[in-house]
Amino acid sequence: MIKSVDEINQKIKKKEAVILTAGEFKELAGKKSPDELSRKVDVVTTATFGPMCSSGAFINFGHSSPPMRYEKVSLNGVAAYGGIAAADAYIGATEENPASIEYGGAHVIEDLIAGKTVKLTASAKGTDCYPRKETVAEVRLEDVNEAFMFNSRNAYQNYAAATNSSARTMYTYMGTLLPGNGNVTYSTSGELSPLLNDPQLKSIGIGTGIFIGGAHGYIAWNGTQHFTGKERNSKGIPLGPAATISVIGNLKKMNTNFIRAAYYEKYGTTLFVGIGIPFPVTSAEVAKNLSVRNMDIETVLQDYGQPDRPVAGKFNYAQLMSGEIELAGRAFQTAPLSSISKAREICNILKERIADGEFLLSEPVSPLAQNKKMNKLKMV
Amino acid sequence: MKNTYYLMFQPRITNEPVISNLIRQTTLEVNILRAGIDAHKGGFMVVELSGMHDSVEQGIRFLRQRQVEVDRISFRIAHDADSCVHCGACTAVCFSGALAMNGDSHLKFSPDKCIACGLCLKACPMKLFSSRF
């Protein structure tokens, strides 16, 4: 190790730290060795801004009078989970309003962050502790006791690209897939993406401070479906969906520039989440990992037109981002689903916050799970 | 000059070879990009008109005299650029090149390349396109 996280934080406090965005660092990496980079640069900011379905928020609305355990809870007609303690609920991004399916939990979250009033309706059986059976209230984010986002699976380390060989248009979370392999979509911020800059998860871990939706948050745990055993290419990058993180952050500090509700046609609602992770450049190895380029990151192309989604090919992100790939002698139009320009914006904001001393780097409290397999459901 | 127009045909005008007459009476080049017209029912057409400014004006007058609604395509489709997050999902379904990511990973909308297929209206996850097709 060339320098510790503590030493880097001291430099940040003294305004002496060299902080670069992932984009800037990669430019420099073309001219300098990992060893030189690790001596010259202290922090590199990475980010992603894309649709992340496993997102939602815990909210405590405050007690009604007389008190009530909100058992069945809805927010603007969207069901929230109330099977926890009185006055708490969890609103998930993909829960839809049955009367208007293009409005879901993601929209409730965005509306709350935007400062709009949201209608809470709750019902309960009524008990001695909590006698009230019905409540209707108008809720604003500033009035609730707590509201924190807790997302169980975010910032996927790579994801398979999608196409559709069938004869009909498919409406998927990978966008509209036109028949006859009419297009190819992919979802990543590629070389800017946090977990692709730390392929073995050696720098980040539980407790790592992050940017989430504009607020300061943390990595809480590995994410669901966290899979470290994915096949890797010669650069050590997993060839498709691999590691994930679960993240937490204060909803009251978020802003709608970095949290946006979405509706994918005939699929449902989801939430675009902006996540930024700063990496302390503590060694040449870390610098080498942070030097990864789109051409080094490969993913598989899956055919959504067939039931088991077979792999139709393997491509790197420089190819996918060029707007066209070639498969079996034919050219296919490619399209992104994750915003690179927003990811870049987050890299820049995080860089500024660190430079201003608002955001210090953290050492993980504990590493993320390693050697983690993925189990299939045992169906009866 | 060369512009793309969205034309709406009334049912009764389908008896007349409108486009044929348009070409004969002006010096315009007419490139039909997309059409959906039934005899006696009417319909729409997306055309590229190229020629001198005066010829284009003359052509549009000719069409309007026949109760064909004529609008620049850009007048018929709108994109709320301020709310756009530049995810690029709309570019997956746009084959006319009206929607494309530029070198800086921002969405570039060129309405004049639009052929009014309407696929972007559904493909945009934030529903930022609106049309009068």
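Where is Glu231(A) found in chain A? In this predicted model, Glu231(A) lies in the loop that links strand E18 (215-222) to strand E19 (245-250) of chain A. Glu231(A) counts as exposed because its relative accessibility is 58%, and the cut-off for that label is over 50%. Setting aside neighbours within four places in sequence, Glu231(A) is in contact with Ile237(A), Pro238(A) and Leu239(A).

Let us turn to a strand of chain A. Strand E2 (residues 43-51) of chain A has eight of its nine residues buried, so it is largely enclosed by the rest of the structure. E2(A) runs parallel to strand E1 (residues 19-21) of chain A, joined by three bridges, and Thr21(A) stands opposite Thr45(A) of E2(A). With strand E21 (residues 268-280) of chain A, the pairing of E2(A) is antiparallel; here Gly50(A) stands opposite Val273(A).

The pairings described for the two chains can be set side by side:

| Strand pair | Sense | Bridges |
|---|---|---|
| E1(A) and E2(A) | parallel | three bridges |
| E2(A) and E21(A) | antiparallel | nine bridges |
| E2(B) and E3(B) | antiparallel | nine bridges |
| E1(B) and E3(B) | antiparallel | eight bridges |

Strand E3 (residues 42-50) of chain B deserves a visit of its own. Nine of the nine residues of E3(B) are buried, so the strand is largely enclosed by the rest of the structure. In a regular strand, side chains alternate between the two faces of the sheet. Both faces of E3(B) are covered: Gly42(B), Phe44(B), Val46(B), Glu48(B) and Ser50(B) are buried on one side, and Gly43(B), Met45(B), Val47(B) and Leu49(B) on the other. Gly43(B) is the bridge partner of Ile37(B), while Met45(B) is the bridge partner of Leu7(B). Finally, the hairpin of E2(B) and E3(B) has three residues between the strands, and His40(B) takes a positive phi near 70° there.

How values were computed:
Residues are numbered from 1 along each chain as its sequence is written. Chains are lettered from A and ligands numbered from 1 in the order in which they are written. This is a predicted model: local features need pLDDT of at least 70, side-chain atom pairs count only at pLDDT 80 or more; totals for chains, interfaces and linings use all residues. Side-chain values use heavy atoms; hydrogens and water are left out. Helices (H or I, at least four residues) and strands (E, at least two) are DSSP runs, numbered from the N terminus. Buried means under 20% relative accessible area, exposed over 50%, partly exposed in between (1.4 Å probe, protein chains only). Contact means heavy atoms within 4.5 Å. Two strands pair if DSSP finds at least two bridges between them.
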